[in-house]
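This briefing is for a reader who is new to the structure below. Look through the sequence and the model, then read the points that follow.

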Amino acid sequence: MEEIIEKLKIQLIDQLNLEDLEPSDLDSDEPLFGSKLGLDSIDALEIIVLLEREHGIKVLNQEDGKKIFKSIRSIAEHISAHKV
Amino acid sequence: MSKKIFISGIGMISSIGDNIEDSLASLLETRHGIKAIEFLETKHRGKIPVGEVKASNETLSQRLNLPTKDSHSRTTLLGTIAAREALRNSGVDLKDGLRTGLISATTVGGIDQSEDFYREFLKDPTKGKLRHISKHDCGDSTENIADDLGIYHFVSTISTACSSSANSMMMGARMIKHNLLDRVLVGGTDALTRYTLNGFNALKILDPGHCKPFDQNRKGLNLGEGAAFVLLESEKSIRQRKYNPICELTGYGNSNDAYHQTASSPEGKGALGAMRLAIKTSALNLNDIDYVNAHGTATYINDLSEGNALTTLFKERFPKIGSTKSFTGHTLAAAGSIEAVISILSLKHNFIAPNLNFSQTMEEVNIQPVKELIHDVNINHILSNSFGFGGNCSALIISKL
Amino acid sequence: MNIYINGLGNVSPQVTTDSKVFLEEPINKEGVSFWCIDPDYKAILQKANLRRMSRLIKFGIYAAQQCLLDANVEDLDAILTGTGLGCQKDTEKFLIDIYGNDEGVLSPTKFMQSTHNTLSGQIALMLNCENYNFTYVHRGASFESALLDGVMLIEEGAKNVLVGGLDELTETYLTITNRMKMWRKEQINQLDLFSDKQSGTIAGEGASFFLLSKEPTPKSYAKIKGMKILFKPKSIEAIHAEMASLLNDSDIAFEDLDVVVLGVNGDPAQDKLYDDLKEKYFQEIQLTAFKHLCGEYKTASAFGMWTAAQILGKQNIPEVLKLNKNDKPRLKNVLVYNCYNNSNHSLLLLQDVNA
């Protein structure tokens with residue numbers, strides 16, 4: 001799981017263009033949205049793109065996304081559970 | 001500067017008709033234009049319904065007596081058809097010594113051509129036809145229309161996403177009031193492109209079926225294409241040629257939501273600001289508004305936001321309300337002027353088109369749009385809304401003479 | 001008409017971000033394309049917003065912010081921008097995404113960022129400005145259209161209006177326009193642009209913003225007396241007639257002009273028009289140019305207006321701008337004339353604030 005989390009952090013930094021951030025700056029368990037990262041609904045869509053392109057996992061709408069995207073760990077757990 | 005702004009000519013092409021007469025028939029017969037993609041080359045054919053003009057570029061060029069191969073972008077072809085119609089049915093003689101301008105609007109510009117260029121260029125930078133990419137920018141269609149009609153006094157283009165052509169109408173009216181022009185052809189044009197189809201798909205705001213504006217179960221918008229122009233004229237110009245105009249542009253307003261790049265604020269403050277400004281410039285009372293042609297894209301956010309703004313504005317005394325995007329699709333930059341023309345037809349022919357596919361009221365806000373066609377109704381003033389990305393919100397008021 | 005330019009903001013291939021400094025040490029690079037000197041964006045923009053912004057938006061916001069700081073204004077009645085190509089880089093990125101993924105799962109950010117009014121929207125967001133907000137996208141008249149709208153708004157009663165013109169370069173754009181033979185074939189020192197008669201010009205980019213107001217301040221640079229936008233005028237006589245009409249509206253004679261700022265770009269075919277005008281009407285007037293400093297782009301006239309405002313504000317014409325030597329000790333009336341692609345012409349009449 002930790003390996004997935006570390007890889008995911010790198011991918012998130014890239015996909016969301018989180019300039020100047022290192023994986024070590026991202027907390028695995030902190031809420032992704034509503035935090036100091038300043039992510040919004042467009043970022044949620046970008047994470048959906050990331051999941052499909054890098055992990056082959058489809059998230060069909062933003063409602064499902066809200067549940068999965070609580071934290072980096074919850075996304076990693078979703079990836080692990082739905083690995084293609 | 002309380003000069004009147006008259007509307008003396010209208011022209012329109014969209015998925016519901018190639019001209020004013022056909023568009024009117026479609027509205028009165030409740031015939032929408034949302035169908036499977038027929039002409040645009042895209043992987044989404046058969047999957048995403050759109051409001052496509054039912055003609056290829058070749059056919060459109062033939063209608064205009066223009067060379068049929070690669071002569072103009074589709075945006076230009078649609079715009080030229082609508083602009084010619086508006087000028088023709090205004091009866092204006094451009095050589096009468098008065099100052100005539102053209103203010104158009106577009107979001108895609110010539111991307112319908114340049115995206116073909118890029119498809120080749122991205123594989124090999126020596127490939128791709130230069131005549132496709134030369135039409136890329138937003139000013140291309142406008143200058144082609146100006147050249148086609150012989151309008152040279154003032155020519156410009158606005159791009160503020162979905163409020164673009166409402167804004168070109170506003171700027172045209174103000175230029176007449178400032179005595180910079182005597183009359184001005186204003187409106188907008190946008191063609192369907194892979195660029196916008198994929199863009200809105202990426203934002204996940206497209207309805208896989210026929211859109212349902214203001215409905216609780218709405219899933220998003222249907223993209224459309226088209227063009228519409230109106231000729232705005234000063235009192236001086238109307239008097240000089242002794243013409244009976246169709247109606248009047250009595251109010252307008254532009255306000256910024258300043259909330260998010262693409263999403264509207266839940267309370268719709270930009271929308272409210274624009275509508276209030278339009279009412280103020282018209283010097284009308286709220287009660288004078290008979291019908292609101294809403295922006296009503298059928299996205300979750302817009303309809304909620306606009307619904308809240310309408311509720312705040314009108315409180316309990318709602319006029320008739322509806323969106324015609326379930327007829328034409330969301331025609332992006334052309335939406336403002338297409339819906340202005342639909343509003344003008346409503347005033348002229350005393351009808352209100354239905355807000356198609358509405359069956360369940362939104363939980364959060366009580367908007368009851370017009371469900372069936374209403375005819376033989378006396379309408380004097382229509383408020384038409386257009387709200388775009390970048391928080392750009394515009395409202396127009398069009399009135400019977 | 002008296003509309004005051006009370007603030008300036010300019011990001012360009014020259015050192016222009018501090019309005020107190022006016023081309024004291026002009027940069028003379030060798031090349032065919034001239035890119036903006038990127039300022040320290042993080043000093044002005046929050047990280048959270050910066051991450052999505054293309055270069056165009058970054059240097060646009062920077063120039064706009066500098067302008068507002070310069071004018072010491074926070075409340076705006078309107079935000080107006082003119083851009084010929086808009087967010088070109090983001091447009092290219094989304095197209096690459098479309099074809100690279102065969103119209104499959106695509107990134108929405110690039111699409112969203114490529115909308116032409118992204119910059120105006122971003123400035124409104126930053127300032128929480130809910131007022132009038134327009135973006136003009138008409139080739140070589142984009143900035144002028146925004147400026148005209150700003151002038152109209154002030155005449156309608158607006159107090160402070162922000163107006164800017166901006167465009168960006170991209171490598172892809174250069175490759176394409178090279179195929180169209182728009183640029184010089186050989187690299188040149190930019191300050192030598194007007195010394196030879198090679199065909200083509202040099203490519204540039206930039207963002208120039210102005211704070212327009214009804215009332216002057218002690219810092220006002222100049223006042224706008226009038227402007228005209230022309231589309232495909234029929235002859236140089238027709239252009240001259242428009243110039244005469246513009247001057248006449250402000251009771252100014254041709255002899256009263258102290259400086260004429262010209263949009264010459266070093267391409268003989270395009271500069272012929274200016275040469276004819278110079279020969280017929282501008283023999284005795286101090287002439288200046290600006291495109292050797294900023295390069296050619298659809299909104300370069302905004303940089304031209306910046307030089308004119310600075311000339312009047314500082315009562316000084318840097319040597320690097322001069323095309324001839326007809327200096328006057330006191331500079332009162334400046335005419336800016338720009339032509340883009342032999343189609344979009346603009347005339348702008350500026351005057352010293354104290355005139």
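What is the mean pLDDT of chain C, and what share of its residues reach 70 or more? The mean pLDDT (the predictor's confidence in each residue, from 0 to 100) of chain C is 95, and 99% of the residues of chain C reach 70 or more. This is a predicted model, in which local features need pLDDT of at least 70 and side-chain atom pairs count only at pLDDT 80 or more, while totals for chains, interfaces and linings use all residues. Residues are numbered from 1 along each chain as its sequence is written, and chains are lettered from A and ligands numbered from 1 in the order in which they are written.

**Confidence**
- For the complex, the predictor gives an ipTM of 0.98 and a pTM of 0.97.

**Chain A**
- Chain A has 4 helices and 0 strands (DSSP runs numbered from the N terminus: H or I of at least four residues for helices, E of at least two for strands).
- Read from the N terminus, the order of elements in chain A is α-α-α-α.
- The radius of gyration of chain A is 12 Å, which agrees with the value near 12 Å for a compact globule of 84 residues; this radius is taken over C-alpha atoms, and the globule rule is 2.2 Å times the number of residues to the power 0.38.
- The C-alpha trace of chain A spans about 30 × 25 × 20 Å along its principal axes.
- Of the 84 residues in chain A, 31% are buried (20 or more other C-beta atoms within 10 Å of the residue's own, with C-beta atoms placed from the backbone).

**Chains A and B**
- The contact takes 6 residues from chain A and 5 residues from chain B, where two residues are in contact if their C-beta atoms, placed from the backbone, lie within 7 Å.
- On the chain A side, helix 2 (residues 41-55) gives the most, with 3 residues.

**Chains B and C**
- Here the contact takes 48 residues from chain B and 46 residues from chain C.
- Elements of chain B that each supply at least two residues to this side include helix 4 (111-121), strand 5 (154-158) and helix 10 (269-282).

- Beyond its neighbours within four places in sequence, L162(C) is in contact with residues including A64(C), L68(C), I79(C) and F209(C).

Conventions:
A residue is buried if 20 or more other C-beta atoms lie within 10 Å of its own, exposed if 12 or fewer, and partly exposed in between; C-beta atoms are placed from the backbone.
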